[in-house]
Amino acid sequence: MEKIILFNVKDAKKINKIASQMKIKTYEVSPMECGGTLQDIVDGKKIQAVPSTISQTKGLMLMCDVTQKHMDRLLFAIKHDSLDVGYKAILTKTNAKWSLAQMLVHMEMEEKNHSF
């Protein structure tokens, strides 16, 4: 099932509207749900509430099982509407085992490595 997980995304309501037109479910993660793995969050598992150790950072849009066609349309709409998303990522076998904090650290490292 296609699903988008949003964390700390400023334009989450607009992204939800775009995704719903494509019949993609969206879920906004609260800072208290950051104790589990990304796969736990995607699966909707009950996650023990823990105080977030994530500092205010860029937002994250995690796409799960989104088809290429829908991903292209979604990314085009985000760019066209100049929406503030922050990081965009796809759920993989590797990062599914990570916590949200680990994913954000990884995205920050990738951003630093790609900046000139």
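Modeller: With handedness: a crossover is right-handed if, with the strands pointing away from the viewer, the path from the first strand over the helix to the second runs clockwise. Helices (H or I, at least four residues) and strands (E, at least two) are DSSP runs, numbered from the N terminus. By that rule β3, α3 and β4 make a right-handed β-α-β unit.

Colleague: What does the numbering follow, and what kind of model is this?

Modeller: Residues are numbered from 1 along each chain as its sequence is written. The model is predicted, so local features need pLDDT of at least 70 and side-chain atom pairs count only at pLDDT 80 or more, while totals for chains, interfaces and linings use all residues; side-chain values use heavy atoms, with hydrogens and water left out.

Colleague: Why is histidine 70 called buried?

Modeller: Buried means under 20% relative accessible area, exposed over 50%, and partly exposed in between (1.4 Å probe, protein chains only). Histidine 70 has 15%, so the residue is buried. Its place is in helix α3 (residues 68-80). Contact means heavy atoms within 4.5 Å; leaving aside residues up to four places away in sequence, histidine 70 touches Glu2, Met22 and Ile24.

Colleague: Why is strand β3 described as largely enclosed?

Modeller: Five of the five residues of β3 (residues 60-64) are buried, so the rest of the structure largely encloses this strand. Leu60, Leu62 and Cys64 point one way, Met61 and Met63 the other, and all are buried. In a regular strand, side chains alternate between the two faces of the sheet.

Colleague: What makes β3 a partner of β1 and of β4?

Modeller: Two strands pair if DSSP finds at least two bridges between them. Strand β1 (residues 3-7) and β3 have five, in the antiparallel sense; isoleucine 4 is bridged to methionine 63 of β3, and lysine 3 to cysteine 64. β3 and β4 (residues 87-90) run parallel and are joined by four bridges, with lysine 88 of β4 as the partner of methionine 61.

Colleague: What is the strand order of the sheet, and why are β2 and β4 placed at its edges?

Modeller: The order is β2-β1-β3-β4, in an open sheet of four strands with mixed pairing. β2 (25-28) and β4 each have a single partner strand, so one side of each lacks a neighbour in the sheet.
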